[in-house]
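Dear colleague,

Here is the structure you were to receive.

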Amino acid sequence: MSETENTASFWDELTSPINLALVAVIVYLVYKIIQSKFERETEAAPPPPPMPKLRKDLTVAELKKYDGTQPDGRVLLAVNGVIFDVTRGKRFYGPGGPYAAFAGKDATRGLATGQVSGSEQEYDDVSDLTQEEQYSANEWEAQFREKYDIVGRLLKPGETPSKYSDDESEDKKEK
Ligand code: HEM
């Protein structure tokens, strides 16, 4: 077999209808992949602006409205008199979440005793908890301190709120 014959058969094969059809399919698929990548990049919504930090002492009644049903969706709860912003854990505490009963509530007793229910009292004095339950509440508090921002203290009836600067991380504002 001569060289020219070989080349001709290779060329014939390359331009055979089946191969041309395969090349067309490959070109089409590559085009689609590039197009979908481009669309994903242009359609991605900009991330929502971060929620401003809340730094405030609240009464039980004031805490109540932060159950995630307000337009801003903020969720707070209290443990051992410390209020945490648990908005980041909205899938747990938000409306319809498994722990929504703690949202906007003093969760100390529930967490300590293993009941998913927030306190309905004006102020829950948890001094009647057993040592074991208090230990459990402390463990939960430590976990929340690790994971969430502190908003302030849960005020007992008659207590006055502390004053916090607008943004404590900006020292220049504190004179
Ligand atoms: C059958 C019993 C339970 C199961 C299987 C269970 C399971 C879970 C799971 C899988 C998570 C998610 C963990 C993560 O993704 O970080 C979680 C979170 C949580 N659980 Fe339970 N749980 C149970 C009982 C309880 C009880 C009795 C309480 C308290 C009374 C409780 C309080 C919580 C809380 C507060 C969180 C969210 C913690 C956070 O904000 O990071 N759970 N649970």
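What follows is a short account of what was found.

The model is predicted. The mean pLDDT of the protein chain is 89, with 87% of its residues at 70 or more. Residues 169-175 have a pLDDT below 50, and beyond near neighbours in sequence this stretch has three contacts in the model.

Iron atom

The ligand contains an iron atom, and its only protein donor is Tyr99, through OH at 1.9 Å. Tyr99 sits in the loop between α4 (90-93) and α5 (108-113).

Aromatic residues

Eight aromatic pairs turn up in a search of the whole structure. One of them joins Phe92 and Tyr93: the ring centres are 5.9 Å apart and the planes stand at 75°, over the 60 degrees required, so the pair counts as edge-to-face. Phe92 is partly exposed, with a relative accessible area of 23%, while Tyr93 has a relative accessible area of 7% and is buried. A charged residue is found at another ring: Arg55 lies over the face of Tyr164, 4.1 Å from the ring centre.

In soluble globular proteins, nonpolar side chains tend to be buried together. The largest nonpolar core here has 13 residues, and Leu77, Phe84, Val86, Tyr93 and Phe144 have the most contacts inside it. Two or more residues of this core come from each of β2 (76-79) and β3 (82-85). A second, separate core has nine residues, including Leu76, Ala78, Ile83 and Leu154.

Leaving aside residues up to four places away in sequence, Tyr93 touches Asp67, Val75, Leu77, Val86, Tyr99, Ala100, Phe102, Ala103, Phe144 and Tyr148.

Asp106

Asp106 is also placed in the loop between α4 and α5. Is this residue buried or exposed? Asp106 is buried, because its relative accessible area of 7% falls under the 20% limit. With residues up to four places away in sequence not counted, Asp106 touches Leu63, Ala78, Gly118, Ser119, Asp124 and Leu154. Of these, Ala78 and Leu154 belong to the second core. From Asp106 to Glu122 the distance is 9.9 Å, C-alpha to C-alpha, and the two are 16 residues apart in sequence.

Regards

Conventions: Residues are numbered from 1 along each chain as its sequence is written. This is a predicted model: local features need pLDDT of at least 70, side-chain atom pairs count only at pLDDT 80 or more; totals for chains, interfaces and linings use all residues. Side-chain values use heavy atoms; hydrogens and water are left out. Rings of Phe, Tyr and Trp (its six-membered ring) pair if their centres lie within 6.5 Å; planes under 30 degrees apart count as stacked, over 60 as edge-to-face and the rest as tilted. Buried means under 20% relative accessible area, exposed over 50%, partly exposed in between (1.4 Å probe, protein chains only). A charge sits over a ring if NZ of Lys or CZ of Arg is within 6 Å of the ring centre and within 35 degrees of the ring normal. A nonpolar core is a set of buried Ala, Val, Leu, Ile, Met, Phe, Trp, Tyr and Cys residues joined through side-chain atoms within 4.5 Å. Helices (H or I, at least four residues) and strands (E, at least two) are DSSP runs, numbered from the N terminus. Contact means heavy atoms within 4.5 Å. pLDDT is the predictor's confidence in each residue, from 0 to 100. Donors are N, O and S atoms within 2.8 Å of the metal (3.2 Å for Na, K and Ca); water is not among the atoms, so sites may look incomplete.
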